[in-house]
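Please examine the structure shown below. The paragraphs that follow lead through it step by step.

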Amino acid sequence: MLIPVAYYVQEMTVRLGAVTKRGHAEAIFESFGAFWGWFSLLDLMIVDWLTLVTEFVGMTAALSIFGVPAWLTVILVVLLMSIIVLNGRYWTWEKIALGFCLLNLIYIPAAFMVNPSLSEITSQGLIPNLPGGLNNELFFLLMANIGTTIAPWMLFFQQSSVVDKGLQEKDIKMGKIDTFIGAIITVAIAIFIVIVTGTLLNGAPIDDAATAAKLLMKTNHYVGAFMAVGLFDAGLLGAICISLASSWAFGEIFGWAHSLNTKVKEAPWFYISFFFTLATAGVVPLIPGAPLVLITLFVQVVAVTLLPAALVFLILLLNDKKTMGEYANTRLQNIVSTLIVVSIIILSTMYGVSALFPNLFQ
Amino acid sequence: MRTINQFFSKIREINQRYAKPTVEMSRGVKFSLAVLRIYLFLLVLLMIYKFITVIKVL
């Protein structure tokens with residue numbers, strides 16, 4: 001079910017970026033005024049930074065499996081991202097990012113190596129079942145899962161990258177295919193991750209991602225290593241995209257040069273904000289005793305809760321026929337995107353109600 | 001001090017630049033958007049409260 005959610009939402013940003021040639025932040029400011037623009041920008045800034053923290057949590061946990069201390073991971077990540085981002089060409093950056101995306105396929109052989117039970121995958125995975133019934137934990141996990149697939153920052157990132165890439169209206173069809181393939185691969189990889197962890201860690205007490213990967217290493221050394229590599233890779237990709245989303249958005253509004261096609265001297269504030277966000281987020285996993293898994297889950301849930309507000313603006317923008325012309329939303333697209341908004345609001349509400357009245361759904 | 005003044009004058013410039021929205025929203029839509037934002041904000045506050053209570057238990 002996450003495939004259509006990811007596709008419909010991201011496809012709208014591709015169309016919007018290709019037609020307006022503006023980033024999402026600028027589109028909101030121009031279309032809805034400064035008040036709603038600042039609201040969205042501050043939303044983005046907070047959620048981006050929090051989500052970036054979770055990416056560093058994943059990366060430090062992953063490399064801790066191989067004995068790399070967290071502080072060293074943070075330094076290495078910042079250095080690696082400097083190399084990737086500072087080459088001065090959007091297309092080079094995208095090719096490198098796609099290379100890291102391919103590395104995520106490592107979860108697929110890992111899933112086969114654990115010899116999962118096909119009947120269990122079918123009965124537990126494909127057929128919906130709620131072992132504990134409707135409760136606070138279930139709503140929390142559902143929202144956290146949605147949050148890993150679609151989040152407010154993705155709208156800003158995708159649209160700004162479409163503009164930086166120079167996509168035109170004639171490229172929209174290819175953009176849609178690109179987005180569709182991406183949505184399928186994203187969810188497919190998530191399924192393989194669930195298969196591995198569900199098969200090997202079912203019922204095991206997991207306090208953090210490092211514990212999970214260490215347990216996997218004990219069960220199957222190669223699977224554990226693959227999971228750790230995949231975890232680090234996913235965190236790195238997320239970190240690259242999230243920090244760029246913020247920098248692009250601020251650049252659009254503050255009028256700074258804000259393109260990956262520029263060098264540092266040409267766009268100093270763009271790169272300064274990029275590295276400032278990275279460095280400050282990287283510090284959080286280094287705090288001793290911080291409940292990192294809990295932070296990760298809560299951040300995803302908060303991001304999903306705030307998503308409807310961002311989606312409503314997106315839908316309104318895509319229905320502006322004066323700007324979008326023939327590329328405005330069709331009735332089907334409006335129905336699907338409205339359903340997504342309503343579903344998330346209902347889920348967030350159910351979580352909120354179950355948090356206040358835990359016994360209500362039992 | 002000068003940097004702070006420059007920053008605030010930039011904010012004012014941005015506010016002036018985007019003072020007139022290009023998309024006309026009816027009063028109903030604006031009201032609904034405001035209600036939605038407040039509602040989601042309250043949900044987030046509830047989540048933060050839940051987060052803090054869980055941390056205290058740990």
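A salt bridge is a side-chain nitrogen of Lys or Arg within 4 Å of a carboxyl oxygen of Asp or Glu. The model considered here is a predicted one. In it, A:Asp43 and B:Arg37 are joined by a salt bridge, and their closest N and O atoms lie 2.8 Å apart. Across the interface of chain A and chain B, one salt bridge is found. Polar contacts link the two chains as well: 10 residue pairs are counted between chain A and chain B, with both residues at pLDDT 80 or more.

The interface may next be considered as a whole. The size of an interface is often given as the accessible area lost when the parts come together. For chain A and chain B, the buried area is about 3000 Å², and 76% of it falls on carbon and sulfur atoms. Within chain A, the residues that lose the most area to chain B are A:Trp36, A:Phe254 and A:Phe298, which together account for 18% of what that side buries.

Two packed helices are described by the angle between their axes and the distance between the axes. The axes of helix H14 (residues 292-318) and helix H16 (residues 331-356) of chain A come within 10 Å and cross at roughly 145 degrees. This crossing of H14(A) and H16(A) is left-handed. Among the residues that make the contact are A:Phe298, A:Val301, A:Leu311 and A:Ile315 of H14(A), together with A:Asn334, A:Ile340, A:Ile344 and A:Tyr351 of H16(A). The contact of H14(A) with H16(A) has 13 nonpolar and five polar residues, and no charged ones.

Salt bridges may finally be followed through the whole structure, where nine are found over all chains. One pair is A:Glu11 with A:Lys176, whose side chains meet at 3.5 Å, N to O. This pair connects distant parts of the chain: A:Glu11 belongs to helix H1 (residues 2-20) of chain A and A:Lys176 to helix H10 (residues 172-200) of chain A, 165 residues apart.

Methods:
Residues numbered from 1 in each chain as written. Chains lettered and ligands numbered in written order. Predicted model: local features only at pLDDT ≥ 70, side-chain atom pairs only at ≥ 80, totals over all residues. Heavy atoms only, no water. Axes fitted to C-alpha atoms, helices over the stretch in contact; angles between N-to-C directions. Helix = DSSP H or I, 4+ residues; strand = E, 2+ residues; numbered from the N terminus. Left-handed = near helix turned anticlockwise from the far one by under 90°. Contact = heavy atoms within 4.5 Å. Nonpolar A, V, L, I, M, F, W, Y, C, P; charged D, E, K, R; others polar. Buried area = accessible area lost by both parts, 1.4 Å probe. Polar contact = N/O pair within 3.5 Å; in protein donor to acceptor, adjacent residues only side chain to side chain.
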